[in-house]
Amino acid sequence: MIYLLIILGVLGIGIILIITIHQTFGGSPSKQERERYRNFDHYKNSAFINQNPTEMKIGVSTILSLMRDSVTGKKDRSPTNPIPISIDWNKLNSTEDSLTWFGHSTMLLTLNKKKILIDPMFGPSPSPVSFVGSKRYSEDLLYVIEKLPQIDVVLITHDHYDHLDYPSIIKLKDKVGHFFVPLGVAAHLIKWGVKEERITECNWWDEKQRDGLTIVSVPSQHFSGRGLFNRNSTLWNGWVILFENQRIYTSGDGGYGPHFKQIGEKYGPFDLTLMEGGQYDNRWSAIHMQPEESVQAHIDVRGKNMMLIHWGAFTLAYHSWTDPVERAIRTANTKEVNLITPKIGETVMLNGRFPVSNSWWKALSTSSSHKIESATPQ
């Protein structure tokens with residue numbers, strides 16, 4: 001028994017040391033920063049909270065049900081074949097207003113001839129180590145970063161691994177002009193070598209000006225944390241991006257709530273909304289929307305055109321990998337919402353003439369391609 005206790009103690013100390021030292025876990029807000037957060041209504045007991053209560057109690061029954069579903073759940077939780085990706089580099093590099101989706105919540109916007117990258121996650125797996133956790137449906141996209149043009153602005157919505165990817169930041173950090181992040185997230189970037197003067201932290205409703213753009217941090221209903229001991233130590237948000245004839249909103253992760261109408265009343269209508277709507281489950285419905293709620297959230301923020309995000313790259317829940325988009329399409333048709341469904345890697349021009357939605361994912365059952373193709377010579 002003594003030897004067993006010693007072994008368990010050593011393992012425990014080892015885990016704590018790994019979490020404390022390993023770079024991928026990031027940093028922590030300083031004591032001075034935490035003292036400042038205490039002045040905010042959405043910071044209680046040394047942690048950030050949502051506008052509405054979203055406490056998640058995971059008991060024994062919930063754990064058992066998750067274990068059961070992981071074994072007996074749906075078998076189509078990932079594509080039969082890898083997703084092929086085609087990138088038109090001429091369009092992507094153009095200075096015309098556009099959007100390129102890289103799967104999940106990673107998008108490159110061009111507005112006012114500036115490149116804006118949202119939630120850069122190009123790595124193979126949304127976990128601390130690449131050999132654990134869900135694997136990307138396409139091949140590893142990290143090398144795409146080397147081909148991207150200079151990035152003027154990076155926007156981070158929160159510090160979870162599927163939105164703030166350590167390998168991606170390491171490759172990106174020297175080609176980014178400025179990072180805008182929620183409160184506390186700067187500690188991660190600084191630990192990874194990003195200079196502090198190139199980072200701006202934002203509270204909910206903070207408005208910032210950059211390169212002729214107005215960038216606004218807005219509330220979402222979610223949570224944060226990269227380790228065992230820092231849950232909700234940093235803030236989470238969505239982003240509003242405003243420029244002359246373009247008004248764009250990305251929700252970040254989160255459950256459905258009254259904050260959408262608040263955002264719509266203050267900053268809508270939006271030409272395009274990028275709404276989270278994948279990786280949902282009734283057991284965590286407070287912090288991830290069902291697709292039907294995503295469409296309603298789009299209506300609440302007074303959006304004109306909608307794109308569903310947070311799907312198409314990783315399996316992080318127990319639904320079919322195509323359920324999010326198919327359910328969103330049905331609801332959008334019922335509520336007369338224009339939902340666009342670009343392929344992963346496709347560049348959509350933001351000129352007011354959005355392409356007709358197509359069900360590209362249905363062809364994957366017979367596809368055997370596993371490479372990233374380029375529409376232009378390299």
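Predicted model: local features only at pLDDT ≥ 70, side-chain atom pairs only at ≥ 80, totals over all residues.
In what order do the 7 strands of the open sheet that includes β17 stand? The order is β9-β8-β7-β6-β5-β4-β17, and the pairing in this open sheet is mixed. As background, the strands of a sheet pair through backbone hydrogen bonds, and they do so either parallel or antiparallel.

**The sheet from β9 to β17**

- The edges of this sheet are formed by β9 (199-202) and β17 (347-349), and because each has a single partner strand, one side of each is left without a neighbour in the sheet.
- Neighbouring strands of this sheet are turned against each other by 20° on average, when direction is ignored.
- Inside the listed order, strand β7 (residues 151-155) pairs with strand β8 (residues 176-182) in the parallel sense over 4 bridges, and Val-154 is found opposite Phe-179 in β8.

**The sheet from β10 to β16**

- Another open sheet is made of 7 strands in the order β10-β11-β12-β13-β14-β15-β16, and its pairing is mixed.
- Here β10 (207-210) and β16 (338-340) stand at the edges with a single partner strand each, so that one side of each has no neighbour in the sheet.
- From one strand to the next, the twist of this sheet averages 20°.
- Strand β11 (residues 213-218) and strand β12 (residues 238-243) run antiparallel and are joined by 5 bridges; Val-216 stands opposite Val-240 in β12, while Ser-217 stands opposite Trp-239 in β12.
- On its other listed pairing, β12 is joined to strand β13 (residues 246-250) by 5 bridges, again with the two running antiparallel, and Leu-242 stands opposite Arg-247 in β13.
- The hairpin of β12 and β13 has 2 residues between the strands, and in this hairpin Glu-244 takes a positive phi near 35°.

**The two faces of β12**

- In a regular strand the side chains alternate between the two faces of the sheet.
- In β12, Gly-238, Val-240 and Leu-242 point one way, whereas Trp-239, Ile-241 and Phe-243 point the other way, and all are buried.
- This strand is therefore described as mostly covered, with 6 of its 6 residues buried, where buried means under 20% relative accessible area.

**Aromatic residues**

- A search of the whole structure finds 17 aromatic pairs.
- One of them is the tilted pair of Trp-101 and Trp-311, with 5.6 Å from centre to centre and 40° between the planes.
- Because Trp-101 lies in strand β4 (residues 98-101) and Trp-311 in the loop between β15 (305-309) and α10 (323-334), this pair ties together parts that are 210 residues apart in sequence; both Trp-101 and Trp-311 are buried.
- Trp-321 and Trp-360 form a tilted pair as well, with 6.5 Å from centre to centre and 55° between the planes.
- Trp-321 lies in the loop between β15 and α10 and Trp-360 in the loop between β17 and β18 (372-374), so this pair ties together parts that are 39 residues apart in sequence; Trp-321 and Trp-360 are both buried.
- Trp-101, Tyr-137, Trp-311, Trp-321, Trp-360 and Trp-361 form one aromatic cluster.

**Ser-78 and its surroundings**

- Ser-78 lies in the loop between α3 (60-72) and β3 (85-87), and it counts as partly exposed because its relative accessibility is 38%.
- Leaving aside residues up to four places away in sequence, Ser-78 touches Tyr-137, Thr-315 and Trp-321; of these, Tyr-137 and Trp-321 belong to the aromatic cluster.
- Although Ser-78 and Gly-312 are 234 residues apart in sequence, they are 8.7 Å apart in space, C-alpha to C-alpha.

Methods
Residues numbered from 1 in each chain as written. Heavy atoms only, no water. Pairing = 2+ DSSP bridges. Axes fitted to C-alpha atoms, helices over the stretch in contact; angles between N-to-C directions. Phe/Tyr/Trp six-rings, centres within 6.5 Å; stacked < 30°, edge-to-face > 60°. Buried < 20%, exposed > 50% of the residue type's maximum accessible area, 1.4 Å probe, protein only. Contact = heavy atoms within 4.5 Å.
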